[in-house]
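Please read them with the sequence and the coordinates side by side.

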Amino acid sequence: MKELRKKVVIITGGTRGIGRACCITFAKVGAKVVFIYRSSIKEARRLIREAKVLKGEIVGIKADVCQYNAAKEVVRKTIAKFKKIDILVNNAGILRDKALFMMTQNDWDEVIATNLGGTFNMTRAVITTFMKQKSGCIINMSSVSGLIGLARQTNYSASKAGIIGFSKALAKEVASYRIRVNVVCPGFIETDMLKSLPEDKKAELKNIIPMKRTGQPEEVADLCVFLASDKASYITGEVIKIDGGLAM
């Protein structure tokens, strides 16, 4: 997509799964990619090498999106290097799945702080820039768990449902500044977590999906690129499922 060439995109949780696929896919269409990672330096270096083979411009910043000051520093460094920011993909997230009667306060706090708090921190850090330039695109990664709820995921479902409410409210708030805010809700995607499941469990999952297969990270990344492009210029406040029909 020609319109994304030289656009600057920040992607949180960029070294694995959907975040990594987003980094590669945005780099392929010519965007300048800044990805955020918390700890996996080895994966960050591997991603940079892979993107450079594609002749993409990519920068990694180690930061914890749970900390607002860290989010502000990411924005400052990005503007210092590229002079602007056009797109934010809030993808960073964690799981602490457990039945509620066994869930600790820490299990709850960490998931809410990372998934919902991280989305707030990064969005709050970048929103003034978007408002000043009267343009911007925010893509927030939720989940079908935030739409229909999944057992043993009360913390995760709450955080992902919160992202949907946050995004809808913000979309109304900033539409007049030509800032678009949309939500992507993946179903079962072939990430490290899913790959680690026993084959019989994978078969069970596929059986409850109408399309009888799991999704690929690249399919989610393609949707994010579409939402960031001019082809989606009249789309805001939407919640788009990419789940093979799971949450119909």
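1. Arginine 20, once neighbours within four places in sequence are left aside, is in contact with Gly13, Gly14, Thr15, Glu43, Arg46, Leu47 and Glu50, where contact means heavy atoms within 4.5 Å. Arginine 20 belongs to helix H1, and helices (H or I, at least four residues) and strands (E, at least two) are here DSSP runs numbered from the N terminus. With a relative accessible area of 13%, arginine 20 is buried; the classes are buried under 20% relative accessible area, exposed over 50% and partly exposed in between, with a 1.4 Å probe and protein chains only.

2. On the basis of these notes: this is a predicted model, in which local features need pLDDT of at least 70 and side-chain atom pairs count only at pLDDT 80 or more, while totals for chains, interfaces and linings use all residues. Residues are numbered from 1 along each chain as its sequence is written, and side-chain values use heavy atoms, with hydrogens and water left out.

3. The largest nonpolar core has 34 residues, and those with the most contacts inside it are Val9, Ile11, Phe26, Val33, Ile87, Ile139 and Val184. Such a core is a set of buried Ala, Val, Leu, Ile, Met, Phe, Trp, Tyr and Cys residues joined through side-chain atoms within 4.5 Å. Two or more residues each come from strand E1 (8-12), helix H1 (17-28), strand E2 (32-37), helix H2 (41-53), strand E4 (87-90), strand E5 (136-141) and helix H9 (217-228). Apart from this core lies another, of 25 residues, which includes Ile36, Ala71, Val75 and Ala125.

4. Phenylalanine 26 deserves a separate look. Leaving aside neighbours within four places in sequence, phenylalanine 26 is in contact with Leu4, Val9, Ile11, Ala31, Val33, Ile87, Val89, Cys224, Val225 and Ala228.

5. Which strands does E4 join by bridges? E4 is joined to E1 by 3 bridges, the two running parallel, and to E5 by 4 bridges, again in a parallel arrangement; strands pair if DSSP finds at least two bridges between them. Valine 89 in E4 stands opposite isoleucine 11 and also opposite isoleucine 139 in E5. From E4, Ile87 and Val89 point one way and Leu88 and Asn90 the other way, and all are buried.

6. Arginine 152, in the loop between helix H5 (145-148) and helix H6 (154-174), has a positive phi of about 70° although it is not a glycine, and at 48% relative accessibility it counts as partly exposed. Arginine 178, in the loop between H6 and strand E6 (179-186), likewise has a positive phi, near 65°, and is exposed with a relative accessible area of 60%.

7. Arginine 180 and serine 233 are 53 residues apart in sequence, yet their C-alpha atoms are 7.9 Å apart in space. The residues in contact with arginine 180, beyond neighbours within four places in sequence, include Gly136, Cys137, Ile138, Ser229 and Thr236.

8. The structure holds 1 aromatic pair. The rings of phenylalanine 35 and tyrosine 37 have centres 5.9 Å apart and planes at 35°, so the pair is tilted; rings of Phe, Tyr and Trp (its six-membered ring) pair if their centres lie within 6.5 Å, and planes under 30 degrees apart count as stacked, over 60 as edge-to-face and the rest as tilted. Both phenylalanine 35 and tyrosine 37 are buried.

9. Threonine 78, in helix H3 (residues 68-82), counts as buried at 1% relative accessibility. Leaving aside neighbours within four places in sequence, threonine 78 is in contact with Val8, Ile10, Val34, Ile61, Lys83, Lys84 and Ile85.
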